[in-house]
Amino acid sequence: MSEPLARHQLFEYREEQPFMVLNVPASIRDAESLHSHWHEELEVAYIIGSRSTHYIDGSCITAEPGRLIVTNSGSVHSIKPGIPEESEAEGLAAVVLVIHARFLEEHFPQYASLLFLNEKTRARAEVQDIMLRLSAWARADSHAPHELLYAKGLVLQLLYYMYEEGVTDREGAYDINCLKNIERIKGVLGYVENHYTEPISQGEVAQKFYFSREYFSRYFKKTCGMTFTEYVTQYRLQRAREDLLESSAG
């Protein structure tokens, strides 16, 4: 899985396949690819390998193998992958399903008004089976039209079971201050993306986005799993690597 460090991640889809299935290797070490970002899609991760830590809108969730982690549309999230055991090193850390909002709205009219919950510490057997089937489907080099129908059916079944596992009303899920803070953090991530080549002061960024310096320091770490200074440093390193690879390819 390779995600850019960005405030708003964009995915590309084929018209006939409005979802993506990503098999994440246990050997993943590109931690920058898992840093804070957000997107409009629904993201569902089934943990297979070692324990991982997920930061979603300020909540920290430790996920053991066998757990399903759902990231709702628009949520700021990041992941700290665990260190796999030697016996797990060649396997998968997780299977990640990313579903386009268009598909969700078409087949699940209530979606925009609901949030999926992460209260279950272990996914039910049917959910585990679906995620593993999607994983196997994604490993194929190409898919016949009927095989795409098969995958779409699995995604719809998964949504059904996820709904049964727990949803809540989106409007009442967060208080107004929490919503404002989440939007401000999105703004902060975008600011870093646009100004990473310039000097960036934590105090100035906090003031720009209407945080006190002390509260911003605590809230950013709680939301993103690292300090603001660490995030800026690692973002710059990631962009420098990308620039180096592009210049080498040229």
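Start with Tyr 210, which is exposed at 67% relative accessible area (exposed means over 50% and buried under 20%, with partly exposed in between, using a 1.4 Å probe and protein chains only). Tyr 210 sits in the loop between α6 (202-208) and α7; helices are DSSP runs of H or I with at least four residues, strands are E runs of at least two, and both are numbered from the N terminus. Its phi is positive, about 65°, though Tyr 210 is not a glycine. Most residues other than glycine have a negative phi.

A word on the ground rules: this is a predicted model, where local features need pLDDT of at least 70, side-chain atom pairs count only at pLDDT 80 or more, and totals for chains, interfaces and linings use all residues. Residues are numbered from 1 along each chain as its sequence is written, and side-chain values use heavy atoms, leaving out hydrogens and water.

Now select Asp 57, in the loop between β3 (52-56) and β4 (59-63). Asp 57 also has a positive phi, near 50°, but this residue is buried, with a relative accessible area of 8%.

Next, show α5 (residues 176-195) with α7 (residues 213-224): their axes come within 11 Å and cross at roughly 85°. Axes are lines fitted to C-alpha atoms, for helices over the stretch in contact, and angles run from 0 to 180 degrees between N-to-C directions. The pair is therefore roughly perpendicular (65 to 115 degrees; under 35 is roughly parallel, over 145 roughly antiparallel, the rest oblique).

Finish on α2 (residues 125-138) and α3 (residues 145-165), packed at about 155° with axes 10 Å apart, which makes α2 roughly antiparallel to α3.
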